[in-house]
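Please view the structure first and then read the points below.

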Amino acid sequence: YIQINIGSLNLAANENILQIIDCCEEYEKENRLFKLLEQISSQNDGKTIIFVETKRKVDKIVNVIRRQGWRADGIHGDKSQKDRDYVLNTFRRSTNGILVATDVASRGLGEKYWVHSRIR
């Protein structure tokens, strides 16, 4: 087998967070995303964070997810701080929230937003 390390070996991820890494071709991503969202939405308390590369991709994926009937919000560097705070607070209070974010936006999330959320 092959071991792949992402990040530091000295850090441990929160045990309540399930990370799914799905390697696929670009044309397969949307269908695989919907299958994962269906699986997650069947659970009682399953929050989802989707990290994407660009601000434009955040907006595109949020729109695609909403068209399929799920509630989703996105954050990225072009959103105002007021909008980001609103989205994060909504996500924190929801039981099955979907948040789409750029990695740049994720760096500013801070531990305070996740401490009280059970993400699994």
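What is the mean pLDDT of the protein, and what percentage of its residues reach 70 or more? The model is a predicted one; its mean pLDDT is 80, and 82% of the residues reach 70 or more.

**Confidence**
- Among the elements, α2 has the highest mean pLDDT, at 94, whereas helix α4 (residues 103-107) has the lowest, at 64.
- Over residues 111-120, pLDDT stays under 50, and the model has 23 contacts beyond four places in sequence for these residues.

**Overall organisation**
- Four helices and three strands make up the elements of the protein, and they follow the order α-β-α-β-α-β-α from the N terminus.

**Nonpolar cores**
- The largest nonpolar core contains 14 residues, and Leu37, Ile50, Ile65, Ile98 and Val100 have the most contacts inside it.
- At least two residues of this core come from each of α1 (29-41), β1 (48-52), α2 (55-67) and β3 (98-102).
- Helix α2 contributes the most to this core, with five residues.
- Beyond its neighbours within four places in sequence, Val100 is in contact with several residues, including Ile50, Val62, Ile65 and Asp73.
- A second, separate core has six residues, among them Ile75, Val87, Phe91 and Ala101.

**Burial and surface**
- The protein has 120 residues, of which 30% count as buried.
- Its accessible surface is about 9000 Å², and carbon and sulfur atoms account for 48% of that area.

Technical notes. Residues are numbered from 1 along each chain as its sequence is written. This is a predicted model: local features need pLDDT of at least 70, side-chain atom pairs count only at pLDDT 80 or more; totals for chains, interfaces and linings use all residues. Side-chain values use heavy atoms; hydrogens and water are left out. A nonpolar core is a set of buried Ala, Val, Leu, Ile, Met, Phe, Trp, Tyr and Cys residues joined through side-chain atoms within 4.5 Å. Buried means under 20% relative accessible area, exposed over 50%, partly exposed in between (1.4 Å probe, protein chains only). Contact means heavy atoms within 4.5 Å. pLDDT is the predictor's confidence in each residue, from 0 to 100. Accessible areas come from the Shrake-Rupley method with a 1.4 Å probe; for residues, only the protein chains shown count as cover.
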